[in-house]
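User: I would like to go through this predicted model with you, one question at a time. Please set out the reasoning before each answer.

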Amino acid sequence: MKCRIINNNKIELLNTCAFDTLVQLFACATTDSIQFGNYIFDDNKSGLFYELLRCITKNGVTNKVYDLRTNILYHIFPHDELLRSIVRVGCHCDIREIMINKVLNDVIMADEIHRCSNDQCQRIMKKVPVKCIPYSSRSEDFGDLQVHIDDLIKPSSTLCAGFNNCEGIWTIETVLKSHVLIEVSNIPEDKLFYKDAKIGEENLLDVSEAVFGDVVCSLESIPIKITIMNEHFILRGAAVFIGNRSAARTGIGHYVAVALRNDGHWEDYDDFKHKPVSIPKSTECGVQILLYTRET
Ligand SMILES: [Zn+2]
């Protein structure tokens with residue numbers, strides 16, 4: 001691939017697989033879901049990632065796509081200035097932390113609305129953007145995914161009391177948009193430590209990130225449908241990691257997107273390969289991200 005030019009420098013990108021995987025995951029969903037496609041192509045949406053998705057689903061991988069990709073990555077990762085105006089940008093990173101937090105700034109899945117029921121209340125309403133839902137599996141499957149999501153998304157309310165004598169109800173409510181992105185990790189039970197050796201969630205001590213692994217399972221064991229507040233979401237694919245899984249957050253490896261297409265078969269999008277490859281649903285993968293789109 002040709003170098004792209006920014007500020008008269010030739011930009012050379014290295015290790016772009018985490019970024020390309022995220023793009024591919026969203027691009028397949030944009031193509032396969034009419035509803036999500038309309039959402040991405042909505043004229044009011046601005047941002048380089050939206051523009052990249054629109055370009056790639058309309059015209060495939062063109063020079064414009066390479067320019068947009070370079071532009072996004074150039075502004076996220078540190079540069080190495082080499083000779084003759086060549087700038088090297090190393091894009092190796094953890095897809096869960098860096099990519100979601102830095103690339104998906106505009107591509108949020110929900111707003112969390114914090115507000116008081118009392119119109120006269122002085123407490124300021126807050127709107128917090130949500131980019132993804134964290135999910136930690138304690139076993140090697142997604143058995144409690146739906147329960148976990150229900151628990152995380154359910155509205156909560158407390159008395160606003162104490163704030164300038166307000167007697168209203170302070171609620172936190174999640175308002176979903178068009179997709180749900182789930183950040184997956186696996187914390188094996190033997191890596192959990194409890195305060196004073198007592199059992200129970202409430203005694204759980206913070207888990208160091210080094211023990212986070214992936215959920216390694218077959219593609220067919222990922223739930224195809226989840227329901228959130230009576231809305232249905234369909235699985236579109238996963239970002240999977242190939243490499244040292246014992247400490248995946250720091251390990252060196254390779255990211256690949258696997259997409260569940262509309263006809264029910266799985267495709268593997270690996271930038272080491274020239275074109276997507278059909279893979280059996282029994283394929284075992286180290287899952288790090290799941291993407292679902294809203295279907296009504
Ligand atoms: Zn209040």
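User: Which residues does Leu53 touch, not counting residues up to four places away in sequence?

Analyst: In this predicted model, Leu53 is found in helix 3. Setting aside residues up to four places away in sequence, the ones that Leu53 touches are Phe26, Ala27, Thr30 and Ile40.

User: Does Leu53 count as buried or exposed?

Analyst: A residue is buried if 20 or more other C-beta atoms lie within 10 Å of its own. Leu53 has 25 C-beta neighbours inside 10 Å, and therefore Leu53 counts as buried.

User: What distance separates the C-alpha atoms of Leu53 and Gln24?

Analyst: Along the chain, Leu53 and Gln24 are 29 residues apart. In the model, the separation of their C-alpha atoms is 8.8 Å.

User: How are helix 1 and helix 3 oriented: parallel, antiparallel, perpendicular or oblique?

Analyst: The axes of helix 1 (residues 17-32) and helix 3 (residues 48-59) come within 9 Å and cross at roughly 60°. Because of that angle, the term for helix 1 relative to helix 3 is oblique.

User: How many nonpolar, polar and charged residues has the contact of helix 1 with helix 3?

Analyst: Helix 1 contributes Val23, Phe26, Ala27, Thr30 and Thr31 to this contact, while helix 3 contributes Leu52, Leu53, Ile56 and Thr57. Divided by class, these residues are six nonpolar, three polar and no charged.

User: Is the crossing of helix 1 and helix 5 left-handed or right-handed?

Analyst: The axes of helix 1 and helix 5 (residues 95-103) come within 10 Å, crossing at roughly 65°. In the contact, Ala18, Phe19, Thr21 and Leu22 of helix 1 meet Ile95, Met99 and Val103 of helix 5. These residues comprise six nonpolar, one polar and no charged. The crossing of helix 1 with helix 5 is right-handed.

User: Which strands stand at the edges of the sheet?

Analyst: The sheet is open, with four strands in the order 1-2-4-3 and mixed pairing. Each edge strand has a single partner strand, so one side of each is left without a neighbour in the sheet; these are strand 1 (4-6) and strand 3 (79-81).

User: Which strands does helix 4 touch where it packs on the sheet?

Analyst: Strand 1 runs antiparallel to strand 2 (residues 9-14), to which three bridges join it, and Arg4 stands opposite Ile11 in strand 2. Helix 4 (residues 63-74) packs on the sheet with its direction at about 50° to that of strand 1, and the strands it touches are strand 1, strand 2 and strand 4 (86-90).

Key:
Residues are numbered from 1 along each chain as its sequence is written. This is a predicted model: local features need pLDDT of at least 70, side-chain atom pairs count only at pLDDT 80 or more; totals for chains, interfaces and linings use all residues. Axes are lines fitted to C-alpha atoms, for helices over the stretch in contact, and angles run from 0 to 180 degrees between N-to-C directions. Helices (H or I, at least four residues) and strands (E, at least two) are DSSP runs, numbered from the N terminus. Angles under 35 degrees count as roughly parallel, over 145 as roughly antiparallel, 65 to 115 as roughly perpendicular and the rest as oblique. Two residues are in contact if their C-beta atoms, placed from the backbone, lie within 7 Å. Ala, Val, Leu, Ile, Met, Phe, Trp, Tyr, Cys and Pro count as nonpolar, Asp, Glu, Lys and Arg as charged, and the others, Gly among them, as polar. A residue is buried if 20 or more other C-beta atoms lie within 10 Å of its own, exposed if 12 or fewer, and partly exposed in between; C-beta atoms are placed from the backbone. A crossing is left-handed if the near helix is turned anticlockwise from the far one by less than a right angle, and right-handed if clockwise. Two strands pair if DSSP finds at least two bridges between them.
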